[in-house]
Amino acid sequence: MSSAFASLRAPLRRAALNTSRSLRAAKPVSRTYATGSGASGNSNTALWVGLGLVGAGAGGYYMFSQDLSFSEAGKQAATAGKSGVQAAKAAAGFTPTKEDYQKVYNKIAEKLDVEGYDDNSYGPVFVRLAWHSSGTYDKESNTGGSNYATMRFAPEALHGANNGLNVARTVMEDVKKEFPWISYGDLWTLGGVAAIQEMGGPKIPWRPGRIDGFEKDVTPDGRLPDATQAQDHLRAIFYRMGFNDQEIVALSGAHALGRCHADRSGFEGPWTFSPTSMTNEYYKLLLNEKWSWRKWGGPKQYADKKTGTLMMLPTDFALIQDKAFKPWVIKYAQDEGLFFRDFSNVFAKLMELGVPSAQWATSEPWIMKGSDEK
């Protein structure tokens, strides 16, 4: 370790005594992973602790509570504290490697299975966090996207489309504590990649390079899809980001995962019978089941006639009502391999929206190892 960074260790150690009581212990797990957990006493582990405390010294450490109560002034200090973190990195000669990011992936994978939350998995809500933090991009103004992680701030965190994502952000905060050098944009998008791969989906190319912005970078409300709308709305939203009709249908396949909640979006229920498995069942059900309007007090949504337990949104049904969208629904229903290939490409594209090419840490994206790979 260089003498420049060594000089930081004493004040960092003092700061650690003041902050350690607030850190929650990691939950023990039984999975095995592609690399070590990062718990060994190597210099990188010590550095990660130091980097986190540099940020804390600048007022940069914060945590979301379940009810979104937080200090916006603290958030601004968090971003300002980034310069201190970067200085510590430079002094130590530390540049995160693919192996370092693999350890973050592994930690996220540890947290996917949880008793008592939706279908006992955080996977779908991790995908939604990655999606919504990236899907604000506007190609005309070159604003939004995953680069600044602006959902950290109240204006965006409180947008109606982001209801419930405080759950995912809170879990991700535990990962951030262990790896304080990673940006929130990189953490959240890597979380989406890990969730898809661990739930049986395709490999998603991913690379680091996003930075954390300020509250001034928050995008206006209304940039994410409104599920009550139809195909014209879908095209307006996705064309604004730079997607075409085929890519819109491929991205919609993420609705194989998760469920809606009446206390969040107003809608209720899962799209498929296996909401924690990434498959092409979404397209099969959309085409082959008989659907009717659900009779209930909530917003208009479809229910399957056979069991009444599944749902489709108006934006889902628009995919089989539109003559340009429907052929892709048919293709993906018939060929899961084709769906996986196209989804991998378009989800990787979504995750990189709004990030200047000069920021990427590597010229080509990486493929992260799943927890079942040695």
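Visitor: Why is S146 called buried?
Guide: Buried means under 20% relative accessible area, exposed means over 50%, and partly exposed is in between, using a 1.4 Å probe and protein chains only. S146 has 1% relative accessibility, so it counts as buried. This is a predicted model, where local features need pLDDT of at least 70 and side-chain atom pairs count only at pLDDT 80 or more, while totals for chains, interfaces and linings use all residues. Residues are numbered from 1 along each chain as its sequence is written, and side-chain values use heavy atoms, with hydrogens and water left out.

Visitor: Where is S146 found, and what is S146 in contact with?
Guide: S146 is in the loop between α7 and α8 (154-157). Contact means heavy atoms within 4.5 Å. Setting aside neighbours within four places in sequence, S146 is in contact with S133, S134, G185, T189, R210, M351, L353 and V355.

Visitor: What makes α7 a helix, and which residues does α7 cover?
Guide: Helices are DSSP runs of H or I with at least four residues, strands are runs of E with at least two, and both are numbered from the N terminus. Helix α7 covers residues 123-134, which is 12 residues. The chain has 16 helices and 5 strands.

Visitor: Why is α7 called largely enclosed?
Guide: Because 11 of its 12 residues are buried. Among them are F126, V127, A130 and W131. What covers the buried residues of α7 includes α6 (98-110), α9 (166-178) and α16 (336-351).

Visitor: What makes F126 and F347 stand out in the largest nonpolar core?
Guide: A nonpolar core is a set of buried Ala, Val, Leu, Ile, Met, Phe, Trp, Tyr and Cys residues joined through side-chain atoms within 4.5 Å. The largest one has 86 residues, and F126 and F347 touch the most other members. Not counting residues up to four places away in sequence, F347 touches V127, A130, W131, G192, V193, I196, I204 and L251.

Visitor: Is S344 buried or exposed?
Guide: Buried: S344, in helix α16, has a relative accessible area of 8%. Its side chain reaches the backbone oxygen of K203 at 2.6 Å.

Visitor: What makes the link between D316 and Y282 a polar contact?
Guide: A polar contact is a pair of N or O atoms within 3.5 Å; within protein, one must be able to donate a hydrogen and the other to accept it, and residues adjacent in sequence count only if both atoms are side-chain atoms. The side chains of D316 and Y282 make such a contact at 2.6 Å. D316 is in helix α14 and is buried, with a relative accessible area of 2%. Besides Y282, the residues D316 touches include H255, W271 and L286.

Visitor: Why is α14 called largely enclosed too?
Guide: Because 7 of the 8 residues of α14 are buried. One of them is F317. Helix α14 (residues 314-321) lies across β3, β4 and β5, running at about 75° to β4. Axes here are lines fitted to C-alpha atoms, for helices over the stretch in contact, and angles run from 0 to 180 degrees between N-to-C directions.

Visitor: How do you know that β4 and β5 pair?
Guide: Two strands pair if DSSP finds at least two bridges between them. Strand β4 (residues 302-304) and β5 have 2 bridges, in the antiparallel sense. A303 stands opposite M311 in β5.

Visitor: What is the order of the strands in the open sheet, and why do β3 and β5 stand at the edges?
Guide: The order is β3-β4-β5, with antiparallel pairing. β3 (291-293) and β5 (311-312) each have a single partner strand, so one side of each is left without a neighbour in the sheet.

Visitor: Why is N120 called partly exposed?
Guide: N120 has a relative accessible area of 44%, so it is partly exposed. N120 sits in the loop between α6 and α7 and has a positive phi of about 60° although it is not a glycine.

Terms used
Expected span 1.5 Å × (residues − 1).
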